[in-house]
Amino acid sequence: MSKYTDELEYGFTSALAPPVRETRIGVCSAYCGTCAELNRDLKTGCAQLQNRKFAQSGGCQLGLAMGIASSLTRSAVVIHSPLGCCSGFGGSAGLRKTMRASKGKKDEEFIWAHTNMDQLDVVNGGTEKLKEAILYIDKYSRPEVIIVANGCVPGIIGDDIDSVAKELQGSVSARIVPIHCEGFKSRYVASGYDAAYHGILRHLVEPAERIERALPDEGKDAFERYRISRTVNIFNVGSNSNGDEVELSRLVSALGLYAKVLPLHATVEDLSHIGEAGLNVSICATHDDYLLGHLKERFGTPYIIDTLPIGVVNTNRWLRVIAAEFHLEKEAERLIKLETTALEEAIEPYKKVLAGKTIYVGGGETRILTTAQYFSYLGMKLLGVKAHNVDRFVEEFLEETDGPELSIEVAAGQPAEELAILNRLKPDLYCGHMGANGWVTRLGIPVIPLFGQSLNYMGYSGAFELARKAAKAIKNTNFAKNISSNVSLPLRQSWFESDIRDNIKPDDLL
Ligand code: SF4
């Protein structure tokens with residue numbers, strides 16, 4: 001088990017809804033300062049108390065919960081809310097198709113309905129509409145799983161979606177999975193991952209039924225036990241690609257282990273075998289500590305939450321901690337030597353292009369800090385990072401970053417703040433989340449995406465691709481220049497001249 005989670009306790013699945021991350025792990029969602037200051041303030045608890053004077057919208061946990069739950073194979077979704085909560089689902093159908101195609105899975109539509117709650121439902125309750133929607137979607141698409149996602153309005157008026165699910169379970173062929181992801185409950189949108197996994201753990205993770213052999217076969221039974229003890233479940237996340245999964249599986253298999261990738265895009269049958277593994281391995285702590293902690297409690301499977309395998313140093317580290325669990329340290333060192341020797345030779349031309357160039361990285365906390373470390377490794381000068389949120393899982397990375405004086409902003413969304421910082425720092429390259437990249441391009445700064453569902457970022461092949469992408473963007477910056485000279489930003493000069501630290505203070509000082 002990881003040092004990041006050894007003080008954490010789980011056992012929340014007897015409750016209908018999970019605790020939010022503010023109470024479970026303590027998080028910081030607003031900060032502007034240096035890595036050293038943030039590290040100090042996280043330890044004293046001051047960082048968790050910061051808020052902002054002026055805030056733009058910052059995301060909702062319903063969207064993140066649906067990103068996980070709606071990926072399941074042969075699933076359909078009912079959003080119980082007013083229509084507005086579904087405004088972000090327009091592009092989800094395309095994403096599902098792309099992801100499934102890239103994994104070689106059978107094409108499936110993204111089937112979803114919403115209950116379109118209105119003012120009368122706020123007075124009378126919306127459970128009748130919810131029942132109607134569940135019965136309709138079951139009849140219309142005959143899914144294996146019906147996800148019911150609860151929005152703020154039914155959450156506030158107290159619609160009992162769990163009782164509705166229980167009542168209808170005998171009338172539909174699908175398993176109904178209520179998910180409590182009401183946006184108002186948490187400012188830390190990653191709470192949505194816990195909400196999704198809470199529903200999956202309660203309603204879908206049931207061990208597969210074992211059928212006794214008609215004729216005993218000790219050899220086969222022994223091999224089966226061996227296979228399970230050497231199986232490594234790699235927990236995938238919405239931001240990784242099939243290329244990432246293939247690369248990480250390749251590396252785990254090269255150690256002589258069996259690699260299995262779960263739980264996104266899994267079937268109910270796949271989930272019934274989730275407990276059959278010798279080790280569960282995270283690739284991003286922000287996504288899955290809740291799931292892995294509960295799987296350890298339920299099946300006794302040890303787990304590792306350490307680093308995200310991006311760049312050479314962190315991929316080496318990820319492999320070493322896995323290998324250590326199986327006493328395969330020598331095999332890991334041989335593999336690392338082989339891989340890094342080939343990679344170093346391949347990235348040499350890109351290192352020459354990137355040497356001394358400045359970069360700023362924005363996005364999810366573990367991802368940005370590991371990616372930033374890799375850009376430093378490539379010889380770039382790191383000017384700063386922006387994290388959506390920060391929690392205990394990145395304390396060690398904050399200590400290891402390029403220098404204690406490195407600028408760090410903590411903000412989910414908030415492009416106005418990030419643009420003011422970037423306008424002052426003027427990096428040669430920005431590597432960021434898709435929500436920010438369009439804004440940053442308008443400043444004339446070349447941009448590369450921090451992740452992409454059809455691109456490889458993880459492992460050694462991902463390190464090569466990332467170096468190649470960065471060098472390509474630095475070599476030709478005309479696109480960002482043209483955008484900047486033709487499209488303006490909706491911000492005043494006085495905002496650009498202001499100090500963002502004045503916008504972020506503890507509640508009682510705002
Ligand atoms: S914050 Fe609430 S009302 Fe807004 S989209 Fe999320 S669930 Fe819907």
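Predicted model: local features only at pLDDT ≥ 70, side-chain atom pairs only at ≥ 80, totals over all residues.
Leu64 is found in helix 3, which covers residues 61-69, and it counts as buried because 21 other C-beta atoms lie within 10 Å, where 20 or more are needed.

Next, select Ala69, which touches Ile147, Val177, Ile179, Ala196, Gly199 and Ile200, not counting residues up to four places away in sequence. Ala69 also belongs to the largest nonpolar core, a set of 138 residues in which Ala65, Ala69, Ile146, Val148, Ala149, Val177 and Ile179 touch the most other members. Helix 20, residues 459-475, gives the most to this core, with 7 residues.

Now turn to the ligand and select the residues around it, which are Cys60, Leu62, Ser81, Cys85, Gly151, Cys152, Glu182, Gly183 and Phe184. This shell divides into 5 nonpolar, 3 polar and 1 charged residues.

Finally, colour the chain by its domains, with domain 1 at 61-203, domain 2 at 218-330 and domain 3 at 332-509. The centres of domain 1 and domain 3, taken over C-alpha atoms, are separated by 34 Å, and 7 residues of domain 1 are in contact with 4 residues of domain 3. On the side of domain 1 that touches domain 3, the residues divide into 5 nonpolar and 2 polar, with no charged ones.

Methods:
Residues numbered from 1 in each chain as written. Core = buried A, V, L, I, M, F, W, Y, C linked by C-beta atoms within 7 Å. Buried ≥ 20, exposed ≤ 12 C-beta atoms within 10 Å, placed from the backbone. Helix = DSSP H or I, 4+ residues; strand = E, 2+ residues; numbered from the N terminus. Contact = placed C-beta atoms within 7 Å. Near = placed C-beta within 6 Å. Nonpolar A, V, L, I, M, F, W, Y, C, P; charged D, E, K, R; others polar. Domains from an automatic or database assignment.
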